[in-house]
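Me: Can you walk me through this one? I'd like to go over a few rings and helices, in plain words please.

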Amino acid sequence: DPLVTLLTQYLNTNGSPLSPYASQIVQLPNWKKDLAISYVESHMGVYCFNNNCSGMGGAPGTPTWREYPTKMDWLVDLDNLMSKPLYSQQYNTCQKMKGVYVQPGSASWVYGCEKVYSDLTNLEEQASAQRLASTVNSSPLALATAN
């Protein structure tokens with residue numbers, strides 16, 4: 001899948017340890033939002049404690065702090081949170097999450113989140129174009145005219 005390839009390259013370019021999970025990441029309903037948040041929270045999984053790369057549950061050492069076996073387990077948990085009505089309907093953009101998901105929030109947090117979300121949307125568009133080109137090039141008409 002071109003999207004998996006492009007996402008793997010993007011994550012590798014950004015030094016993210018999440019790149020081996022690219023094929024799983026794109027299956028998550030909120031994968032772009034998840035990765036955008038992960039960028040501003042942990043540079044896409046670089047800076048984590050207990051594989052918790054976004055402060056799920058508060059702060060390390062507190063009773064509500066969440067520990068994960070892998071970074072992908074954390075990302076699935078973050079995606080589940082982003083699927084809840086609070087984040088899927090009301091606080092559904094980086095700007096709207098300022099002061100809610102991230103407290104107190106800052107303009108730089110919003111900018112980083114929006115930048116990565118935009119990058120990932122562009123990757124999706126590139127992958128769609130590649131899929132379309134591949135389909136057109138392998139159609140019976142294209143094959144017949146090539147011969």
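Me: Is Phe49 buried, exposed or partly exposed?
Reply: Keep in mind that this is a predicted model. Phe49 counts as partly exposed, because its relative accessibility is 48% and exposed would need over 50%.

Me: And Trp65, buried or exposed?
Reply: Trp65 is buried, because its relative accessibility is 11% and the cut-off for buried is under 20%.

Me: How many aromatic pairs does the structure hold?
Reply: There are 3 aromatic pairs. One of them is Phe49 with Trp65, a tilted pair with 6.3 Å centre to centre and 45 degrees between the planes.

Me: Where do Phe49 and Trp65 sit in the chain?
Reply: Phe49 and Trp65 are each in the loop between H3 and H4, 16 residues apart, so to speak linking distant parts of the chain.

Me: What about Tyr101 and Trp109, what kind of pair is that?
Reply: Tyr101 and Trp109 are tilted too, at 6.3 Å centre to centre with 40 degrees between the planes. Both of these residues are buried. Ring pairs also join Tyr87, Tyr101 and Trp109 into a cluster.

Me: New topic: how do H3 and H4 cross?
Reply: The axes of H3 (residues 31–42) and H4 (residues 71–83) come within 9 Å and cross at roughly 115 degrees. That makes H3 roughly perpendicular to H4, and the crossing is right-handed.

Me: Which residues meet there?
Reply: On the H3 side they include Trp31, Leu35 and Ile37, and on the H4 side Trp74, Leu78 and Met82 are among them. By class, the contact has 7 nonpolar, 1 polar and 3 charged residues.

Conventions: Residues numbered from 1 in each chain as written. Predicted model: local features only at pLDDT ≥ 70, side-chain atom pairs only at ≥ 80, totals over all residues. Heavy atoms only, no water. Axes fitted to C-alpha atoms, helices over the stretch in contact; angles between N-to-C directions. Helix = DSSP H or I, 4+ residues; strand = E, 2+ residues; numbered from the N terminus. Parallel < 35°, antiparallel > 145°, perpendicular 65-115°, else oblique. Left-handed = near helix turned anticlockwise from the far one by under 90°. Contact = heavy atoms within 4.5 Å. Nonpolar A, V, L, I, M, F, W, Y, C, P; charged D, E, K, R; others polar. Phe/Tyr/Trp six-rings, centres within 6.5 Å; stacked < 30°, edge-to-face > 60°. Buried < 20%, exposed > 50% of the residue type's maximum accessible area, 1.4 Å probe, protein only.
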